[in-house]
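Reader: I'd like to go through this model with you, a few questions at a time. Could you keep the answers plain?

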Amino acid sequence: MASFTPARALLMLTTGLTCLLMAGGALIGALLGGGLVALGAAVCAGLVGMVGSLVVRRRAMAHFAVAQRQAGQRGYAEGIAHGVLIHVTAYEAAVFPRTGPSGVTPEEREARRTIAYRMAALDEVPQRVRLAAADALALLDKTDREGAEEALARLATTVRLEYARP
């Protein structure tokens, strides 16, 4: 069985309604004038139903396409925002390594800083996430541990709230 997508459900619904219209037209035609009138009424009702279903289907498919694009864009932006959080956190791990001051080389720390700044500067990053990331990066550059932890918590909360499902 084919997957049950909204487009397939709409096709099945409009086909069923068109068949019901044809049956209704045939029944009304049979009651009013016999077999020939029933055939004519069924054909007319079927044509009207088919034209109506084509119009409805076209509008619905356009709506489905717009909704799918918006969902894709939202998912992309959400992924970028989470990427910013990950890279800023990786930079924090380079600034305050758990293995001690010699646990991270200056080159690695600079590389993580560069990547974190580049991710935070992407155009797709929402403004609120960008501002929270900028605050966290500024405090990490100053090596303010307590302030950086609070700023990272605010960044994580901002990312979570930005894409919270209603």
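Reader: Let's start with Glu110: is it buried, partly exposed or exposed?

Author: This is a predicted model, and in it Glu110 is partly exposed, with a relative accessible area of 41%.

Reader: Which residue does Glu110 form a salt bridge with?

Author: Glu110 forms a salt bridge with Arg113, where the closest N and O atoms are 3.9 Å apart. Both residues belong to helix 3 and are 3 residues apart, so about one helical turn separates them. Arg113 is itself partly exposed, at a relative accessible area of 27%.

Reader: And which residue of helix 4 pairs with Arg113?

Author: That is Asp141, whose side chain meets that of Arg113 in a salt bridge at 3.0 Å, N to O. This pair links distant parts of the chain, since Asp141 is in helix 4 and Arg113 in helix 3, 28 residues apart. Asp141 counts as partly exposed, with 29% relative accessibility.

Reader: How far apart in sequence are Arg128 and Glu162, and where do they lie?

Author: The side chains of Arg128 and Glu162 meet in a salt bridge of 3.4 Å, N to O. Arg128 lies in helix 4 and Glu162 in helix 5, so the pair ties together parts that are 34 residues apart in sequence. As for the pairs that share partners, salt bridges join Glu110, Arg113 and Asp141 into one network.

Reader: How many salt bridges does a search of the whole structure find?

Author: The search finds 5.

Reader: Changing topic, which residues touch the most other members of the largest nonpolar core?

Author: They are Val84, Val88, Leu140 and Leu155, in a core of 26 residues. Helices 2, 3, 4 and 5 each supply at least two residues of this core, and helix 2 gives the most, with 8 residues. Leaving aside neighbours within four places in sequence, Leu155 is in contact with Leu85, Val88, Val129, Ala132 and Ala133.

Reader: What about the UniProt annotation, which residues does it cover?

Author: An unreviewed UniProt entry annotates residues 35-56 as a "transmembrane region". In the model that span is 100% helix, and its end C-alpha atoms lie 31 Å apart. A nonpolar surface patch of about 620 Å² is made by Leu36, Leu39, Val43, Leu47, Met50 and Leu54; Leu39, found in helix 2, is exposed, with a relative accessible area of 53%.

Reader: One last thing, what is the phi of Thr143?

Author: Thr143 has a positive phi of about 55°, although it is not a glycine. Most residues other than glycine have a negative phi. Thr143 sits in the loop between helix 4 and helix 5 and counts as partly exposed, at 41% relative accessibility.

Note on methods
Residues are numbered from 1 along each chain as its sequence is written. This is a predicted model: local features need pLDDT of at least 70, side-chain atom pairs count only at pLDDT 80 or more; totals for chains, interfaces and linings use all residues. Side-chain values use heavy atoms; hydrogens and water are left out. UniProt positions are given in the numbering used here, feature names are shortened, and annotations may be inferred rather than shown by experiment. Helices (H or I, at least four residues) and strands (E, at least two) are DSSP runs, numbered from the N terminus. Patches are made of residues with over 30% relative accessible area and no salt bridge: like charges are joined within 9 Å, nonpolar side chains (Val, Leu, Ile, Met, Phe, Trp, Tyr) within 5 Å. Accessible areas come from the Shrake-Rupley method with a 1.4 Å probe; for residues, only the protein chains shown count as cover. A salt bridge is a side-chain nitrogen of Lys or Arg within 4 Å of a carboxyl oxygen of Asp or Glu. Buried means under 20% relative accessible area, exposed over 50%, partly exposed in between (1.4 Å probe, protein chains only). A nonpolar core is a set of buried Ala, Val, Leu, Ile, Met, Phe, Trp, Tyr and Cys residues joined through side-chain atoms within 4.5 Å. Contact means heavy atoms within 4.5 Å.
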